Each structure stands twice: as C-alpha cells, then as structure tokens.
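Student: I have the sequence and the coordinates open. Please show me how to read a few features.

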2 protein chains.
Amino acid sequence: MFGDTDIAAVAALLADPTRASMLLTLSDGRAFTTTELAKSAKVAPSTASEHLSRLVGAGLLAVERQGRHRYYRLAEPAIMETIESLASIAPRQKIHTLSAAERAKVLHYARICYHHLAGMLGVSLADSLVEQGILHVTDAGYVVEKDGLAWLQAFGITLRQAERLYVPWHIDWSERRHHIAGSLGAALANRLFQLRWLERHAASRAVRVTSEGKTQLAHRFGIHL
Amino acid sequence: MFGDTDIAAVAALLADPTRASMLLTLSDGRAFTTTELAKSAKVAPSTASEHLSRLVGAGLLAVERQGRHRYYRLAEPAIMETIESLASIAPRQKIHTLSAAERAKVLHYARICYHHLAGMLGVSLADSLVEQGILHVTDAGYVVEKDGLAWLQAFGITLRQAERLYVPWHIDWSERRHHIAGSLGAALANRLFQLRWLERHAASRAVRVTSEGKTQLAHRFGIHL
DNA sequence: CGAACAATTCGGTGCGGGCCGAAACAAGAC
DNA sequence: GTCTTGTTTCGGCCCGCACCGAATTGTTCG
C-alpha cells in the first residue's frame, strides 16, 4: 500500500454492479427503501439489505427509520461527485435490449443529479443562459453579473445578493459538456418543477417535460425537444 | 443495470489494492516502467504486467515503448481527478508500521498531484496567496485580479494576459481543504522546482523542501515547516 | 553470436465475496 | 391476540480473479 487512504476499499464498494445500480438510483438525492432498491437492482431483498448495510457502514449512505421502512439516501454530495467522476471516465456500455435503450434515452434526455438538472436538457439550458448573457463562462465555472441576477429574480429565483455570483458547473457524463450545478442549479430545477414544466418519474432519476414545458422551453430558451 | 455507463467496471479496476497502488504512484503525472511499478506495489513483474495491460485496455493508462522498457503514465488528467475524488471519501487507513507512518507523513507534508502542489504545503501556499490578496476566493475557485498578475509576473510566472483569471482548485484529500490547481498550479510548482526551493523524490509523489526553500517560504509566504 | 535483462503469456492454486432461500425479527393492520 | 409485510441474519453454493513460477518473446550489450 502507498498513501494513507484506502482508495481500493471505496472503489470495491462501487465495483459491484448491484451496489453501483443502487447508488445510481439514489443519485438524484431522494431516499428509497430496501425493497424498492432491491427491485430496481433486480436482486433478492436479503441481498439488497447486505449491500446497503455495507454502504452505510462505509459512510456512503445514510439511513433513516420510519416505522418498518428504512429509507436510504446518499450521505453527502461528495459521494455524488465521485460517482459522476467515475461515470465520466467509464466506457460507454453496450446496449442490448430495447427497453434498456429506452431507459438510456430517457436518462440522456433529462435527469436529476443531486438536485440539479443534467442530461441534454441540463446542458441546453446552460447553453441558453450563456447565450442570453445571463451566465458568463470562465475557466472554473459560470459567473452571474448584476443583469443576470435581475433576470433570475424575474424568473422567480431569488439568490443572496452579491456583486458577482460564482456558479460551479459539472461535467455531464452523457453529454460530456457542462451543466449548471450548485445552489443556482438546484434553484433552477426547483423552479421548473414548481412551474410544472417538468415532472419527476416515480422511481428513477429521469425527468419528464410536460407539454406546457415544451412550449415554454422552446419559446423562452430556444430549446426544441 | 441502470444507465448507460458502466461505473462498476471502472470501479472494479480501482478496487484492487495492487492496481490502486500503481495508480497512486503514477498520480504525479510521471511515467514508470513495469518493473518499477511491480516493485513499488510489491508483486511479481508478471502480475504487474497483467494489471497494467488491463488498465491500458480500459483507457486509464497510456503506454510508450522505449527500447526494452514500457513507460506507463495516466492517460488523462480526468483519471487523476477521479482518484482524488475517491480518496476524498475514503476512510483513513490505519497505519501499522513505522515506515508506513513515515511515508504517510511525507506525503501529507508536500506532494505533487498532476503537476501541481498538494498536501500541507500546497494548502498553506494557497492560503498565503489569498491572505496576500494575490488570489481571491469564490464559490467555484480562485480569481486573480490585475495586481495579482503583476505579483506573479515578478515571481517569475507569466500567464496569458486577461482582466480576470479564474483558477480552478482541488479539494486536498489529506488536508480536506483547497489547493491551487490548473495551469497556475502547475506553473507555481514548476517555478518552485526551478528556484530549487523544492526537490522531487526519486520514485514517489512526495516533495522535499530544500534548506533554501525553507528560508524563502518562511520569509515570503509566512509558511513555517 | 550468446548472455543479461525487460516484459509477457500461460497453467494451476486458493480465497473472497455475491447470490439465493429459509428462517428469525420488527412493526403495523385488523 | 393473529396476520401481513418489511427487513435482517445465516448457511451454503459457486464463480471470478489476483497471485506466483516457469517458460517464451523481445531488446540491448559485450
């Protein structure tokens, strides 16, 4: 061994397809029960239980009891970032079945990544805000100037006032381009749900665009879906 | 399986202690041969060879032939970032032997992380530049203003001219705080080697501070080692 | 040329761990 | 109380793979 952190130990936790699948399911920040995660990962509840307790033991997940249910969620945002980071260097997976292709397409289309919007829609939205001069691109993220803040306020998003606001970005693993992260990313996603332009799927990170959303996104952001 | 990227496959590559050790050895950006990596990871050359070809096959490493040697290095900076990201959520490893403790201490002290300075020294340097008003802290990294650019130029570092320069940072896994990354990070580290304030160790990411370096760092940056 | 060294391929061994089903345990619902 | 459902624990099976040593290929040096 070399340093003093055990990378291999964490990686081993992520190296199992079942655990990876569970973590991906949890990666929109919501909480799920043992049975739900077992079903989505296609293993027996007993198997899922063992995996989940290992993940909790390692500090990757947090668990909350509610009656006879246990709700599992990511312990901290850093976990999500590590997962995204792994996804960004992972080989594209070969798609065999039609339904898998369908699921993959939906995820590419629009998904939630720790409370902010990712996928094609997330990237397009970021592009549009840049093009409209609301966000400015820098080496390490976006910047919002005064006029951008005014626009956001008019759109229904209030942020703490500041002369310049620095907005972190994420590299999107499906598009391999940037989308808006941080508190502004979360606020934007929230507002789009609130306006009913977007709807969540029940048990997936995928996001559906409503017909109202389609119209508005095309009209106000030039995003044609 | 869920999405369309196979996180588990990449994670499995990092999940083996031997491969993880090799990647950590390579994580300062230098290139090493099969035998060197075998020795540092304490396995037979045949074993090392198999691991290395798997890593190359997955696109994590690049290999270059030079005579009867094969030089392996990280294929791209993104690999390094994934490793650091894993290290940041990894449990602190228990240290058993004295020599392991020594190695750990040296790594914490100062090390190279993909061409820029990390560890206690890297973090202290970042702090000092912020305190001196050369770097300014934002939500997503540092900013250099005009006067900062002038200071850097006087220190022997020329960067492309710009009104504001945005400098990415990394979260340091040993200190759990930020240090300077990106091209400025690399330029700073280079300059410190050039000034002979720092010296590289032969086969490790660790960095040694020369006696001249100790004096100068204390005097010009208030860093007492 | 042959000797020395770097690197890879191959065969065989052994251990770790993921999986399930059955059973135990826990917490409502009736 | 009993019945149902969610969750965990345990026993046992089996596959994958990290490891080494020996043999093989390739390269440099004398």
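Student: Which residue is the bridge partner of A:Leu135 in β7(A)?

Tutor: A:Val144 is the bridge partner of A:Leu135. Strands (E, at least two residues) and helices (H or I, at least four) are DSSP runs, numbered from the N terminus. Two strands pair if DSSP finds at least two bridges between them. Here β6(A) and β7 (residues 142-144) of chain A pair in the antiparallel sense over three bridges.

Student: Before we go on, what kind of model is this?

Tutor: This is a predicted model, in which local features need pLDDT of at least 70, side-chain atom pairs count only at pLDDT 80 or more, and totals for chains, interfaces and linings use all residues. Residues are numbered from 1 along each chain as its sequence is written, and chains are lettered from A and ligands numbered from 1 in the order in which they are written.

Student: In what order do the three strands of the open sheet come?

Tutor: The order is β6-β7-β8 in chain A, with antiparallel pairing. β6 (135-137) and β8 (165-167) are the edge strands, each pairing on one side only.

Student: How do I read the surface near DNA strand D?

Tutor: A residue is near a strand if its C-beta atom, placed from the backbone, lies within 6 Å of it. Around DNA strand D there are 21 residues, and A:Thr35, A:Ser46, A:Ser49, B:Ser46 and B:Gly67 come nearest. α4(A) gives the most to this surface, six residues. By class, the surface near DNA strand D has four nonpolar, 12 polar and five charged residues; Ala, Val, Leu, Ile, Met, Phe, Trp, Tyr, Cys and Pro count as nonpolar, Asp, Glu, Lys and Arg as charged, and the others, Gly among them, as polar.

Student: Which element gives the most to the surface near DNA strand C?

Tutor: That is α4(B), with six residues. A:Ser46, A:Gly67, B:Thr35, B:Ser46 and B:Ser49 come nearest to DNA strand C, out of 21 residues around it.

Student: What does a positive phi tell me?

Tutor: Most residues other than glycine have a negative phi. A:Arg196 has a positive phi, near 65°, and sits in the loop between α9 (182-194) and β11 (198-200) of chain A.

Student: Is A:Arg196 buried or exposed?

Tutor: A:Arg196 counts as exposed because it has 11 C-beta neighbours inside 10 Å. A residue is buried if 20 or more other C-beta atoms, placed from the backbone, lie within 10 Å of its own, exposed if 12 or fewer, and partly exposed in between. B:Arg196 is likewise exposed, with 11 other C-beta atoms within 10 Å, and its phi is near 65°.
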